[in-house]
Amino acid sequence: ADAGFLVRPHVAEFWSDPGSMGRAPSSQRVSHNPSARRLYCDADGVPLRAGEFVRNPDLANSLRRIAEGGADVFYTGDMADQIDADMKANGGLLSKQDLTDHETVHNAPLWGEYRGLKVATNHPPGGGIMLLEMLNTLENFDLAAMGHNSPEYIRVVCEAMKRATSDKDAHVGDPAYVDIPVDRLIGKDYAAAMAAAIRAGEVAHVERLGAGGPGGGQAESPHTTHLSVVDSGGGTVSMTHSLGMPSGMVTKGLGFMYNGCMGVFDPRPGRTGSIVPGKARFSSICPSILFKDDKPCLVIGAPGGTQIAMGVLQAILNVVDFNMPMDRAVAVPRFSATSDAIDISNRIPAYVAAELEARGYEVIRSYLSYDFAAVHGITIAHDGVLEGGADPGHDGMALEV
């Protein structure tokens, strides 16, 4: 502990962000800051490769200070003074007053219902409102009869995704700054009207800015963490923790990197996701728990940036509509539509894509076999039997302890 500790980062993935909308890639950010460069680059300023060790005694010392002195060390104490001094010396916008004024917001769940199951998810500016809107829309279709990942199934689900994305861009932000029509967006009548339009073949248009889209699009970091937990007493937790994307900035002597999530705000003024002092940004995270007869039956969530709600949606459909076991529900191929195009993973057959293209859709095939979030979930049977599943294309696991 005196010498700090060693970690083995997934460096190759860490450096590779999309850099869309004029954002500098993480490799350039860390090489610009002396403290970050000493941690994450070699002597020539080249980012370390995957598997190389990072020794960070400053972070070990910061964690020790917080463990011994409590959270006040960071928010109001000498660590806050160090942050404030570094920001002032380098033209940063974060101040000690910002840290002192920070408050955690606690909300009751946002509730919905899908095929007789109650759904508890998170409030805006989280992605739970998108999840409920999509579930409500898709409840109007016999998805199982379409066939899993058939062209018609993908079309219908993607049209629901596109409409929820447009509604998010137009209406969903920090509720302290934006008047969000929550009841309308998660209402069954609104969903029925959207379903009727989808059934009639109407194709929704989703406005995007560049590759990333308003409010950041794909630019959020893929290194969000999700935990789905069921304990021996039946208690359940669905928790998604995310800081967004790295800034590349490390204060000398502290060892931790500040996040760079101002970069996922909409740069245009007057929008729901526009930058305003003190405002929280939208995040697609949607940790959720489904209940049958008022007892939890599915605990679910995912990391994955903008694709989180899309991945969680499909895993829920796989369990509820297609009766898949949890491990299969998170492993079968996924797709997404957060623009006019339909994105598909590499395991969806070309003949399926061809039928969608014949209907006028642009289909973009990912080179990845596993893509569009990394869903983690646990199903709970009536007899109490648990089954966990973690997306096999990522670094999660299902574990009994």
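# Reading a predicted model

Reader: Which helices and strands each supply at least two residues of the lining of the second largest pocket?
Author: At least two lining residues of the second largest pocket come from each of β10 (295-301), α13 (308-320), β14 (376-380) and β15 (386-390), where helices (H or I, at least four residues) and strands (E, at least two) are DSSP runs numbered from the N terminus. The model is predicted, so local features need pLDDT of at least 70 and side-chain atom pairs count only at pLDDT 80 or more, whereas totals for chains, interfaces and linings use all residues. Residues are numbered from 1 along each chain as its sequence is written, and side-chain values use heavy atoms, with hydrogens and water left out. The elements asked for are β10, α13, β14 and β15.

Reader: What is the volume of the second largest pocket?
Author: On a 1 Å grid over the protein atoms alone, a pocket is an open set of points where a 1.4 Å probe fits, with protein on both sides within 12 Å along at least five of seven lines, and lining residues have an atom within 4 Å of a point. Grid points are joined across faces, edges and corners, and the volume is the space filled by probe spheres set on the points. For the second largest pocket this gives about 570 Å³.

Reader: Which residues of its lining are the closest to the centre of the second largest pocket?
Author: The largest share of the lining, four residues, comes from β10. The lining divides into eleven nonpolar, six polar and five charged residues, where Ala, Val, Leu, Ile, Met, Phe, Trp, Tyr, Cys and Pro count as nonpolar, Asp, Glu, Lys and Arg as charged, and the others, Gly among them, as polar. Of the 22 lining residues, the closest to the centre are Pro296, Cys297, Ile380, Ala381 and His382.

Reader: How many aromatic pairs does the model hold?
Author: Rings of Phe, Tyr and Trp (its six-membered ring) pair if their centres lie within 6.5 Å, and planes under 30 degrees apart count as stacked, over 60 as edge-to-face and the rest as tilted. By this rule, the number of aromatic pairs is six.

Reader: Why does the pair of Tyr153 and Phe322 count as edge-to-face, and how many residues apart in sequence are the parts that it ties together?
Author: The ring centres of Tyr153 and Phe322 are 5.5 Å apart and their planes stand at 85 degrees, so the pair is edge-to-face. Both Tyr153 and Phe322 are buried, a word that means under 20% relative accessible area, while exposed means over 50% and partly exposed in between (1.4 Å probe, protein chains only). Because Tyr153 lies in helix α10 (residues 151-171) and Phe322 in the loop between α13 and α14 (326-329), the pair ties together parts whose separation in sequence, in residues, is 169.

Reader: How far is the charged end of Arg347 from the centre of the ring of Tyr370?
Author: A charge sits over a ring if NZ of Lys or CZ of Arg is within 6 Å of the ring centre and within 35 degrees of the ring normal. The charged end of Arg199 sits over the ring of Phe141, 4.6 Å from its centre. For Arg347, whose charged end sits over the ring of Tyr370, the distance to the ring centre is 4.0 Å.

Reader: How many disulfides are there?
Author: A disulfide is counted when a pair of cysteine sulfur atoms lies within 2.5 Å, and by this rule the count comes to zero. Cys158 is in no disulfide, the nearest cysteine sulfur being that of Cys286, 16 Å away, and Cys158 is buried, with a relative accessible area of 1%. Cys297 is in no disulfide either, its nearest cysteine sulfur being that of Cys286 at 16 Å. The number of disulfides is zero.

Reader: Is Asp294 buried or exposed?
Author: Asp294 has a positive phi of about 65 degrees although it is not a glycine. Its place is in the loop between β9 (288-292) and β10. At 57% relative accessibility, Asp294 counts as exposed.
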